[in-house]
Amino acid sequence: MAFIKKYRIYFLVFSLLIFLIIGTYLIFKDDFRKLTAKKASRQTTIKLENKIDYVAIIVMENKPYDKIVGSSEASFFNQSFVKGSLLTNYFGLKNPSLQNYLGLIGGDTFGANNNCTRCFIDSRNLVDLLEEKGKIWKAYMEGYPGNCSTGDFGVYVQRHNPFIYFDNIRNNPKRCEKIVTFQKLTDDLASISTTPNFIWITPDLCHDTHDCSIKIGDDWLKAIVDQLTSSKAFKEKNYLLVITYDEGDLLDNRVATLLLGPTVRADFESNIVYDHYSMLRTIESIWGLGSLGKNDAKASVISEVFK
């Protein structure tokens with residue numbers, strides 16, 4: 001009996017050790033992947049043969065990389081690889097959602113460790129840099145009621161609208177009127193003169209795959225990408241179209257990110273480690289906007305995907 005009891009203790013200790021090893025790996029596997037993946041030699045500018053006139057970014061929701069890349073449900077996303085560049089080591093910043101959205105236009109998460117709706121921010125952001133360079137911008141929010149509204153409305157949630165969090169946007173009527181309902185996109189794409197240089201698109205909670213299937217989100221994504229790329233502005237001018245996800249999940253924050261456009265290398269994969277701060281820094285570099293002096297200033301530009 002003593003023999004059996006002794007080895008039972010050994011077995012329990014061994015099992016606990018295995019559990020701790022597996023648990024530690026699952027918690028820190030994103031950090032391990034970042035350590036072992038190819039590092040970018042820090043690029044701060046992009047040299048383009050042809051200037052980019054338009055940048056559009058579509059932010060989808062809450063799916064880790066492996067749930068999208070290679071998935072039969074995301075057929076459009078996966079079939080688009082041959083036309084653009086896939087970032088295979090691109091990461092969300094943190095969980096939950098809001099921090100990633102703020103990081104994409106603010107260069108920081110501003111201590112927003114939950115999806116708060118009253119945590120407004122007094123800080124410069126991408127809009128300041130765009131306007132200082134004379135770039136026109138608009139943010140298209142599916143389900144958004146308009147009129148600088150705060151709070152959640154049906155399938156629209158405020159946490160997916162980073163613009164409304166910044167005081168110098170929300171409290172400035174001329175700026176706030178550029179956060180528009182999704183239906184305005186069709187009108188604005190009707191001519192080059194009404195197409196903004198910077199286009200932000202937030203789907204509703206169904207189309208972004210948060211509440212609905214990947215297939216529903218992928219079908220919606222195809223329709224929007226087709227609408228953008230068939231517009232007069234995108235046909236006659238150079239553009240960069242970014243499709244990304246805000247975050248993965250608690251165990252895997254690597255997200256599928258695809259860049260498309262005439263200046264982007266086709267059928268190309270980059271395994272360099274990037275994140276949402278890198279995307280902000282890349283947009284800043286494309287138009288020579290400078291930086292916000294936050295995490296964007298330290299981030300590497302996604303340069304190798306451009307021709």
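Biologist: Is Phe110 buried, partly exposed or exposed?

Modeller: Phe110 counts as partly exposed, because its relative accessible area is 25% and buried means under 20%. Keep in mind that this is a predicted model.

Biologist: Where does Phe110 lie?

Modeller: In the loop between α4 and α5.

Biologist: Which other residue has a positive phi although it is not a glycine?

Modeller: Asn62 is one, with a phi of about 50 degrees. Asn62 is found in the loop between β1 and α2, the helix of residues 65–68. Asn62 counts as partly exposed, because its relative accessibility is 26%.

Biologist: Back to α4. How many of its residues are buried?

Modeller: 10 of its 10, so helix α4, residues 97–106, is mostly covered. Among the buried residues are Leu98, Tyr101, Leu102 and Ile105, along with Ser97, Gln99 and Asn100.

Biologist: What covers them?

Modeller: The cover of the buried α4 residues includes strands β1 (54–60), β3 (90–91) and β6 (198–202). Helices α5 (126–132) and α11 (276–286) are also part of that cover.

Biologist: What happens at either end of α4?

Modeller: Just after α4, Gly107 takes a positive phi of about 75 degrees. The peptide bond from Asn95 to Pro96 is cis, with omega near 5 degrees.

Biologist: New topic, strands. Which strands does β2 join by bridges?

Modeller: Strand β2, residues 84–87, is joined to β8, residues 257–260, by four bridges. It is also joined to β9, residues 268–270, by three bridges.

Biologist: Parallel or antiparallel, in each case?

Modeller: β2 and β8 run antiparallel, whereas β2 and β9 run parallel. As examples of partners, Gly84 is bridged to Leu260 in β8, and Leu86 to Glu269 in β9.

Biologist: How many cavities of 30 Å³ or more are there?

Modeller: The count comes to one. The largest cavity holds about 30 Å³ of space.

Biologist: What lines the largest cavity?

Modeller: Its lining consists of Met60, Ala74, Phe77, Thr209, Ile214, Gly217, Asp218, Leu221 and Tyr245. By class, that makes six nonpolar, two polar and one charged residues. Helix α9, residues 214–229, supplies the largest share of this lining, with four residues.

Biologist: And which helix gives the most to the lining of the second largest pocket?

Modeller: α9 again, with three residues. That pocket has about 160 Å³ of space. Its lining includes Phe76, Lys83, Val225, Asp226, Tyr239 and Leu260. The classes there are four nonpolar, three polar and two charged. Leu260 is also the β8 residue bridged to Gly84.

Biologist: Let me step back to the whole chain. How many helices and strands does the chain have?

Modeller: There are 12 helices and 10 strands. The chain has 307 residues, and 53% of them count as buried.

Biologist: Last one. What share of the contacts joins residues at least 24 apart?

Modeller: 75%, taken among contacts between residues at least 6 apart in sequence.

How values were computed: Residues numbered from 1 in each chain as written. Predicted model: local features only at pLDDT ≥ 70, side-chain atom pairs only at ≥ 80, totals over all residues. Heavy atoms only, no water. 1 Å grid on protein atoms, 1.4 Å probe; cavity = no way out; pocket = protein on both sides within 12 Å on 5 of 7 lines; lining within 4 Å. Points joined across faces, edges and corners; volume = space filled by probe spheres on them. Helix = DSSP H or I, 4+ residues; strand = E, 2+ residues; numbered from the N terminus. Nonpolar A, V, L, I, M, F, W, Y, C, P; charged D, E, K, R; others polar. Buried < 20%, exposed > 50% of the residue type's maximum accessible area, 1.4 Å probe, protein only. Contact = heavy atoms within 4.5 Å. Pairing = 2+ DSSP bridges.
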